[in-house]
Amino acid sequence: MLVDAPPRSSIPPLPVKFSWLLALLLSTAVLSAAPPAPKPPPSTPVPKPPQEKFAWPGWTVPPAPLKAGGDASIATDADAQSKHPSKDEDGKDIVENAALQMRVNRRDIVRGVVPVATTPVVEWPGIVPGVYRITARVKYSGDSQCIGTPIVLSVSGIIGERQETVDEAFYGFDIGEPEAYAEIAFLYEVDPTLTKRLPARHPRHSRHNSDFMGEAYPGYVNAANAANAAAGVAKLPAVKPPYGIQIQLSLPRTVYNVASGMPPNSLRSVSVDWIRCERVTPSPGLAVRYVRPLKHWLRPGEGQSFDAAVENFSSEARTRNLVLVLEHGCGETQELAKQSITLAPGESKVLKFPWATQANTPQFGWEVRAEIREGDKVETSARDFFSVHPRAYVVQVAGGNHRRLDPFREKESPANLMEVFAATPGDCAQVMPKTDAWVCGMSAIWQSFPVVRATTAYNREIGVATHMYLFAGGTGDAVMDMHIRRPDWLGGHPNATDQFYYLRAAADEALQKHDFTKGGFEMPKIPHVEVGLNHWFPELMDQITRESVEFTKKTGYEGIRFDVGIFAPNRVVSILGQKLPFNDADRMRHAAENFEKFKDALRHENPNFEFGANMDSWAYLENVGVRGVKPPDPETYPEFVAFAKAGGMFMDEGTMSAPLLDHYMNRFEDALWSMVQKREMARRFGGVYQLFSPHRDGSGHFAHDDIYWTTMIIAAGCTYVGSFTAAPYSLDSPGEFITRFSEYFRSLNLRPLPNAEELIHIDSPSVVWFADTASFEDLAGKRRYVIPMINPPVQERLRRNKSNELPPTIDDPFRIEVKIPEGFHKGRAWMLTWEPRVAAVSLETTVAAGQLRVNFPGLKLFRTLVMEFEP
Amino acid sequence: MKRVIFLLLASVFAAWAQERQGAFISEITDEDGDQVVLMETDWMSMRLMPGIGSTVINFVFRPTQNDIVDLTQPKNLFGGGGLLQDNVWEQDWRFQELRGKWYDYQITKRGPDEVQVVFETKLDGWINARDSGVISKLLQDLKIRRTVTLRQGTPYFLFDVEFVNDTPFAKLPLYWMHNCDRIDATAPDHVFRPSDTGINHMPGKGNEFVYNFNHGWSARVSPTRREGIVYLMDYDYISFLYNNQPNIPYTDEWIYDNLLILNKQPRKTRIHVIPVMGLERVDHATEYFIAEVRPIRQDGRLRVAYKLTSSYEKIRKITLIPTVVHNLLGTPEKSDVLPAIEMQGLGIEPQTAEAEFPGDATDPLVIRTKAFIELPDGTQVEREFENFHAGDYSLGANILKDLKTPVKLLARAPQNPVIPVPSADVAVNRKDFNVFGLFGSTSRVLKLEDAIRTIPGVKLEAGYHPGVVIDRNGLTDFPYDYDRLFNYRAIVLNNAVFDIARSVGMSILINYLDRGGGLVYGGGPNTFAGKGGNHPIYQYLPIDSAPVDKATVQLNSPVADHPIFKGVNLANLPWTYYVHKARFRENLPTAPKVLLKAGDEPFLVEYEPHPGQRVMIMLGLPFGDPAENPGKPPFYDWSEWQKLIANLVRYAAHDP
């Protein structure tokens, strides 16, 4: 239903806390509606001209016909702006303010999505293509300062073959106080072809290969599709008309989940005053649709390039300057390119800008910005982030979630490293397959050289390192064969039966007979066999090393992540009872030497080859970061030191149990402290410390505990095996933040700042955590302090904040004073933040009584103060 | 003071009980939207969730008002807790098929005197892990029926597990009861398990695994809150007790053994779950009482203090007669009986009493307690238990200076599971040639199955196993039914100890051997490389242990006229790269005959433990690399090998 929209001035202002959204939305201008079409003569029906503005009173768009006693109703509401015809007590027609009100049924919302409002389909001929602001005026009753249940605003674009839906979730802390109307909105490009939005690229994993099987095996045919086609089954069920766009408000299924930490329902009711869809122009001149770096990560000296897409959304030809800006550090920028560009109305163009980095190109995070300028004025811009570093593990991001929509592109995961689990047929019992395709030892999956090469090559092209998993023992039939031939090489007898062997052999036989051009191989169920190896023997190490070199060369893997130790000997009496010619006291030294030789061989072939492990063979770091426990001297763990010195990444798999009550990192404060201790111990020797995901779930849920887990990992300068969660109060994401500012958290020269509590005085209205994570780095003639600040959780422990209550935000600026280190006399300061955008904001400083003082502009969850002192 | 608190709490739940009027059961949707069964009595309240294996996800003993499960996050299937979780030892805990499985259920009693719910599921029977690709016939399609019963007015509940086998094959699950609860969030709970070296207590000097248990109970107590929970289970069917995490014990678990479930003969085992209050530890538990026993030294005198609470059977009176057994490090051991202690009735509130030892007894000590229990009907029963008390003993535990030998082993009654007896007329079927092979790992290298299949008319059925008792794995088949067992003319075990058939299986097998069943027993690291087993069936073997030595030697000295060499070309005997250094046991009823040697060691042996009974021993080891031994082909690649093995099996089976 198309109704007259109220004048724009009647839209109430958004709350201050919502001002970032207001800023985004008002950065575009609402186009005036198309002029009304001339009245057609009564006898000749003329189609309505396409419109640019649509509005629906909430009470007109219930998701289903209203029923007396149902959860949805039309509620008289003095605060609503929509008018509803009614009758007064005397039966006279009247108009009253009313809204669609949905009572949230607790039983329904734990089971599935609760639709709140659904507009009619606006058919494609009825709407002018372009960028629209989709807005709903809503209010809720329920809990506000928690994650709880969001209100989801979504738009579906429907064409004959498919339907594409985009949505954004708005939480109580986004919307504002309960019982008060506020607008929720996002920008959406109406595109009848559903093709204009730039799709996200996804790093490949050789196991999830259906998208690129045709590339790996030319002539590949999806067997299921082919069978369907042969049987005359249509490719995809057609979507029924009408075709166009449809807007919906809904509440997602919300149920407490102790595994993920997702919260229970927090809403009692939702009222919808109105829904609108209004065309806007993103820019008075040309609009930058996006800029995208080809590579998420590259080494200094490698080539990068950027795609910038520009479009003229206006009705006249426009000429503007397109400028490509690169920025690193705190606002250090360089113009990569500047060119004049003229586009006809509706015309768009994608331009490519190469960038050859040098060996001395500054390392860590970069921002690339495409700006459309009229003179010096930036009219529109888009940006993205990437990393430059010789070592992928140092700047590693395994994934990063986000909450906000970009109308022109699907947001891409900032992942820059992909690890392929179960890469080999027998792990260290057989690294190199003897056939083109093989059954993996560590998992009931298959891999093949064509598929793995298609994975590594594609990932390398988009700047994603591909590392392989390698269990330090042996797996599958390979280790069962080794058990027979070389029993001394095994750390134990396989916990397996001959039937295991037969089933695995049968699976491999079937795989070898499989024709991949006729479809993927359906893996049968096969049992798992794994055994530790006894890494005393030079012949064994030679075999592993030789095969690893050969395998990584043939596949293109750029790193190995070990599992269950590295190359430790584990017994001096063989599994058959023979005394072996080794000394038990030499085990640790021997293990370190094994790794050194292995590393040298791999790096001889590929100097950039990287190593990770879920801890060294003796798990030295498990002695570190436990309150009240003094760790032993790291030098007594030579394999740990050797691995760290090789730049090794230590994956702390045990931290998956942090949500359990008795885990030493169950208290948030302990977890943060522990992360810093372990990170520091690894970093002391050049290594990288990586956290594991709570309960082995690295999805990065938008849940309280995952948010703090992400925040603490970033603040502590660690890396993470899973996806960083999205963050509240942020238009960008922590994944983008750490990509951009890794230098300030992950530089291997950053060291804990001793006595941080004495040196730094934070005059915030409530307690802020900063002392454990504060660090310093000496740069050329300067000393840098990095002071990450966390607004601490309201509950002490992980998984004890069922409602996902967030701490009160600190919205007012507060003073921070930092003692100027000896030998320095002045300084500069910046705030690094993702609240609301990823940015480095220069702060004004004053020096007084040996202190450098700033007025810090508030803290919702996490921000960082960077100070650089100069002589 | 404690009594006042107890009375106050008692009045709270008494008031509640009036409201509800008896035991209560209901199916509800909880705050997370999950379907649960709520069961309540005046003493306790619990919720069971059918969607996760009917695990108890909340348990409150009303006098304490403390939910002892909630802290363990029972709905979290990755490391979460809960009471009464079903598992089988044949599957890795992380990948159990019953974890998170929906159980069908029926409420069978709705109060007011008693509420009861029956849950049921059926095992797929995976070995190793869910969807591993390997199914065990000993687990497959076994129904597990769980009945939870709460009775109004009783401060405990009943948990019955019934195993139902509707298939023709006997089942033998290593059923694993897993309870995970946490009484006190601020301090570790303690766990207490009975063993023949004393109470196995953690945190402390105890071990997670308790194989030397000597009674059928396991207890968890929070010494800080003086609350606890005691599980009483059937001693005869326990394999071992287990508690995860020695410093902060997280679970109370035990694994059942010898639960043989024959077709249409369900077997039920009962667990009494008894919450306790006022105890700081548990030293013994029976159906009549739960006891804390504390020897106290004060002013040079020794007193033995008892604190007893009720168990699930009502009693009228209990008389304890303590005996102090001392001078354990010297000779002779001494024992002195202390004055009797009498307690009238027992309830949830502990009764305390003590007896004083007038003499001089240095630590360590054993306190032996005889309990004479008068039941409400006037009959009297007797129970006896022992507690080892290390006290000031310098080694602090029941161990001598060699750190191996116990100071004194406490009484440990033999377990007595039901073992079926074959009818007198059952005999080995020698009309057909049916063979059952139990193949331990590496048998494949010896090509035994292929060899047996060369016997004309043979029907071979096989069970696979690693060959030694090990978790996360299990036997895939074994003929526990006599009908099936006696249908085999011979049983072949290779690189597999008898113990993997469990005690019940070994006892069944003895009946088969005693009636002339043929046995071929192959060596390997699982068998003779270790020490022999304890079960009487090992007496049917002439060798206890035969360590493995690495030596490339040729087979030699065949007794060429023996039937096993019939048709076997002995011209070019093959080699082996490892040998068993076998020595025969002494005082054997008949002398074993070495039919073939490897170097100087026996390789094939014939043994007749009883007249007419043939046991053939094959000591072949498949290890070593032929590539390292050029010109010395291994015996299993020898062209005559399979013929020889076939002959060996035929001879064991009296063919001819």
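**The interface of chain B and chain A**

Modeller: Between chain B and chain A there are 18 residue pairs in polar contact, with both partners at pLDDT 80 or more. This is a predicted model. On the chain B side, helix 2 (443-446) and strand 33 (548-556) each supply at least two residues that touch chain A. By class, the side of chain B that touches chain A has 17 nonpolar, 15 polar and 14 charged residues.

Charge also pairs up across the boundary. The rule finds eight salt bridges across the interface of chain B and chain A. One of them joins B:Glu31 to A:Lys802. Their closest N and O atoms are 3.9 Å apart.

Now the extent. Chain B puts 46 residues into the contact, and chain A puts in 39 residues. The area buried between chain B and chain A is about 3700 Å². Carbon and sulfur atoms give 53% of that area. In chain B, the residues that lose the most area to chain A are B:Asp32, B:Gln73 and B:Arg444. Together they account for 19% of what the chain B side buries.

Next, a set of strands in chain B. Strand 8 covers residues 114-122 of chain B. Seven of its nine residues are buried, so strand 8 of chain B is largely enclosed by the rest of the structure. Strand 8 of chain B has a partner in strand 7 (residues 104-110) of chain B, and the two pair in the antiparallel sense over six bridges. Three residues lie between these strands in the hairpin. B:Gly111 takes a positive phi near 90 degrees there. Strand 8 of chain B also pairs with strand 9 (residues 143-151) of chain B, again antiparallel, over nine bridges. Follow B:Gln116 in strand 8 of chain B: B:Lys109 stands opposite B:Gln116. B:Thr149 in strand 9 of chain B also stands opposite B:Gln116.

Last, one glycine in chain A. A:Gly532 is found in the loop between strand 27 (530-531) and helix 9 (538-555) of chain A. Setting aside neighbours within four places in sequence, A:Gly532 is in contact with A:Phe471, A:Gly473, A:Leu490, A:Gly491 and A:Gly492. Take A:Gly492: it is 40 residues from A:Gly532 along the chain, yet their C-alpha atoms are separated by 6.6 Å.

Key:
Residues are numbered from 1 along each chain as its sequence is written. Chains are lettered from A and ligands numbered from 1 in the order in which they are written. This is a predicted model: local features need pLDDT of at least 70, side-chain atom pairs count only at pLDDT 80 or more; totals for chains, interfaces and linings use all residues. Side-chain values use heavy atoms; hydrogens and water are left out. Contact means heavy atoms within 4.5 Å. Buried area is the accessible area (1.4 Å probe) that two parts lose on being put together, summed over both. A salt bridge is a side-chain nitrogen of Lys or Arg within 4 Å of a carboxyl oxygen of Asp or Glu. A polar contact is a pair of N or O atoms within 3.5 Å; within protein, one must be able to donate a hydrogen and the other to accept it, and residues adjacent in sequence count only if both atoms are side-chain atoms. Helices (H or I, at least four residues) and strands (E, at least two) are DSSP runs, numbered from the N terminus. Ala, Val, Leu, Ile, Met, Phe, Trp, Tyr, Cys and Pro count as nonpolar, Asp, Glu, Lys and Arg as charged, and the others, Gly among them, as polar. Buried means under 20% relative accessible area, exposed over 50%, partly exposed in between (1.4 Å probe, protein chains only). Two strands pair if DSSP finds at least two bridges between them.
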